[in-house]
Amino acid sequence: MLRIVKHLRHANRSLVRCGLPVLSPPLTEGLQHQHLPLLQQSLTIYQRCLLSTTTTASANQGESKSKTSENANSDEGSKSGESHESSNAGKSVRGGPVSWLSFLLLVATGAGIILYYDKEKRQHIQDIFNASKEVKQGPSAGLAAIGGPFNLINHDGKRVTEKDFLGKWTLIYFGFTHCPDICPDELQKLATAVDKIKDNAGIEIVPVFISVDPERDTVEQVREYVKEFHPRLIGLTGNSDEIHSVARAYRVYYMKTTEEDSDYLVDHSIVMYLMSPTMDFVKFFGKNNDVDSLADGITKEIKQYKK
């Protein structure tokens, strides 16, 4: 009987929330002293009344919404179905970790960073190309604004400057010893082309490798690296300021990428610079050249320069 009374009290609270008339507390408490069948019968009638009243209120509310919907349908016509589908399509995903809007913002941000990074890299390459066509004003008219003084350490631990290469044709490549594939391929191409030019045209060229990874490319590291490609390949390194200075002079782009402790890569320009015996810039050769086109291109430039 106590459980039935609790149900009745719950029904009273439901009526209060719905704004319907309820049994007074004295009447509710007095029912505890009635006979159980009578109490059960009263509760059944009371629940039916509650259900009937709630159903009627819901029906009235549904009828009102139906009339409003019919009026809207008469004004909008066939557009209502399309509007309903569009509304559902625009809803965000509820209950998930992120909404569609958050997901799209995340994707847009990531794409923006990648595009900006790629744009900066392309701009540096374009600057090199443009610089090869620009002409300095004044006494050095006719020479591109690439190259300049530098002070570095060779793979034997000796200080060298650009003056140590005067009187020789020089082919310079910027890279780093921990490069997994591109640098070894380019240096092998450079070494093969240098030998081919000497055999076919009798022109001796000094191959030079300049590191863009001063943190790891010590003198010992560079020495062990260059001897794997050519016996006359000269390796140059230095501290961060010295490398930055020479890279800027030669319009070389370089940047550290993903880093895990000391294991990282360096993104950089893949260009070879042909320098005259006066250490003036003549022409650069990109990655698209194979050994034959590189050797032929260098030979052609040297012959034109001598004329």
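## Burial, helix packing and selected residues

Of the 307 residues of the protein, 32% count as buried, and the model from which this value is computed is a predicted one. The secondary structure of the protein comprises 9 helices and 9 strands.

### Helices H6 and H9

Helix H6, residues 182–201, packs with helix H9, residues 291–306, at an angle of about 50°, and their axes are 9 Å apart. Because angles from 65 to 115 degrees count as roughly perpendicular and those under 35 as roughly parallel, H6 and H9 are therefore oblique to each other. The crossing of these two helices is right-handed. On the H6 side the contact is made by Lys-189, Leu-190, Thr-192, Ala-193, Lys-196, Ile-197 and Ala-201, while H9 contributes Val-291, Asp-292, Leu-294, Ala-295, Ile-298 and Thr-299.

| Residue | Relative accessibility | Class |
|---|---|---|
| Arg-216 | 14% | buried |
| Gln-221 | 32% | partly exposed |
| Glu-301 | 15% | buried |

Glu-301 is found in helix H9, the helix that packs with H6. With neighbours up to four places away in sequence left out, Glu-301 touches Leu-274, Val-282, Lys-283 and Phe-285. Since buried means under 20% relative accessible area, Glu-301 at 15% counts as buried.

Arg-216 is located in the loop between strand E4, residues 205–211, and helix H7, residues 219–226. At 14% relative accessibility, Arg-216 also falls under the cut-off of 20% and so counts as buried. A polar atom of the Arg-216 side chain lies 2.9 Å from the backbone oxygen of Tyr-264.

Gln-221 lies in helix H7, and its relative accessibility of 32% is the reason why Gln-221 counts as partly exposed. When residues up to four places away in sequence are not counted, Gln-221 touches Thr-177, His-178 and Arg-216, so that the description returns here to the loop residue between E4 and H7. Gln-221 and Gly-235 are 14 residues apart in sequence, and the distance between them in space is 9.7 Å, C-alpha to C-alpha.

Notes
Residues numbered from 1 in each chain as written. Predicted model: local features only at pLDDT ≥ 70, side-chain atom pairs only at ≥ 80, totals over all residues. Heavy atoms only, no water. Axes fitted to C-alpha atoms, helices over the stretch in contact; angles between N-to-C directions. Helix = DSSP H or I, 4+ residues; strand = E, 2+ residues; numbered from the N terminus. Parallel < 35°, antiparallel > 145°, perpendicular 65-115°, else oblique. Left-handed = near helix turned anticlockwise from the far one by under 90°. Contact = heavy atoms within 4.5 Å. Buried < 20%, exposed > 50% of the residue type's maximum accessible area, 1.4 Å probe, protein only. Polar contact = N/O pair within 3.5 Å; in protein donor to acceptor, adjacent residues only side chain to side chain.
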